[in-house]
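Colleague: I would like to go through a model with you and learn how to read its features. Please show it first.

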Amino acid sequence: MTTAAPSAASPIAVVTGASSGIGAATARRLAAEGYRVVLTARRKDRIEALAEELNAAGYAAAAYALDVTERGAVDAFATAFKTVGVLVNNAGGALGADPVATGDPDDWRRMYETNVLGTLNVTQALLPALTASGDGTVVVVSSTAGLATYEGGAGYVAAKHAEHVLAETLRLEIVGTPVRVIEVAPGMVKTDEFALTRFDGDKEKAAKVYEGVADPLTAEDVADTIGWAVTRPSHVNIDLLVVRPRAQASNTKVHREKR
């Protein structure tokens with residue numbers, strides 16, 4: 001990973017969901033690449049602590065508390081920028097693992113609002129600034145759940161399929177403008193919060209997701225992938241990059257070591 005000191009002319013990178021996991025790791029990676037990073041998330045204390053960490057390390061970072069599902073707040077946030085170089089749509093997540101027959105509609109609604117409408121809100125609000133930069137990049141952090149189904153995941157799968165199609169359609173619609181659309185679709189990533197949030201704080205259920213898997217992906221692995229994709233030459237567009245741990249051949253085929 002390269003290390004570059006930002007200047008006033010350095011492009012801005014906005015990262016949503018930057019309070020933990022992939023979002024926080026991506027903010028660190030892009031800061032090290034020389035971007036002035038803007039961290040957004042609902043948990044103000046966390047993003048402020050991360051911004052302080054990055055600034056102390058000689059990078060340039062600012063924190064902005066934001067719920068991506070609140071369109072008025074997103075529009076107000078966007079007015080602060082004339083140009084944006086990179087937008088990383090990372091905010092989202094999974095809730096529950098119930099079958100379709102018994103899934104909680106409120107969980108489905110919340111997943112759709114964060115993963116899909118949140119991505120839509122921020123992308124729409126910042127697209128003029130991305131275009132004005134003359135070299136903008138929209139990154140959508142989706143999931144392999146957006147490409148293939150699995151039992152017990154229908155609500156999350158449905159939301160991530162919609163997010164995948166959003167990215168694919170946007171790329172078609174803005175071709176010819178100076179904005180790239182990159183989708184990064186991670187497979188099994190072990191972070192402090194993803195599975196724990198999905199299972200409503202049940203540590204035992206969360207641990208079983210990764211049970212026997214020697215090396216699931218880390219947040220830093222995904223951030224490294226995002227950092228590589230956005231730093232390709234301007235004419236190079238990484239349409240879709242699927243990244244899984246070696247132990248995971250598909251959403252339903254995972255090698256687990258026997259104990």
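Colleague: Is Ala31 buried or exposed?

Modeller: Buried means under 20% relative accessible area, exposed over 50%, and partly exposed in between (1.4 Å probe, protein chains only). Ala31 has a relative accessible area of 0% and is therefore buried. Ala31 belongs to helix α1, residues 21-32. Its C-alpha atom is 6.9 Å from that of Ala60, 29 residues apart along the chain.

Colleague: What should I know about the source of these values?

Modeller: This is a predicted model, in which local features need pLDDT of at least 70 and side-chain atom pairs count only at pLDDT 80 or more, while totals for chains, interfaces and linings use all residues. Residues are numbered from 1 along each chain as its sequence is written, and side-chain values use heavy atoms, with hydrogens and water left out.

Colleague: How many helices and strands does the protein have?

Modeller: Helices (H or I, at least four residues) and strands (E, at least two) are DSSP runs, numbered from the N terminus. Here there are 8 helices and 9 strands. The radius of gyration, taken over C-alpha atoms, is compared with a globule rule of 2.2 Å times the number of residues to the power 0.38. The protein has a radius of gyration of 18 Å, close to the 18 Å from the rule for 259 residues, so it is as compact as a globular protein of that length. Of the 259 residues, 48% count as buried.

Colleague: Which residues does Thr137 touch, not counting those up to four places away in sequence?

Modeller: Contact means heavy atoms within 4.5 Å. On that basis Thr137 touches Gly85, Val86, Leu87, Leu130, Val179, Arg180, Ile182 and Val230. Thr137 sits in strand β5, residues 136-141, and is buried, at a relative accessible area of 2%. For the protein, residues 24 or more positions apart make up 73% of the contacts with a separation of 6 or more.

Colleague: Why is the pair Phe77 and Phe81 called edge-to-face?

Modeller: A pair of aromatic rings is described by the distance of the centres and the angle of the planes. Rings of Phe, Tyr and Trp (its six-membered ring) pair if their centres lie within 6.5 Å; planes under 30 degrees apart count as stacked, over 60 as edge-to-face and the rest as tilted. The search of the whole structure finds 3 aromatic pairs. For Phe77 and Phe81 the centres are 5.1 Å apart and the planes at 70 degrees, so this pair is edge-to-face.
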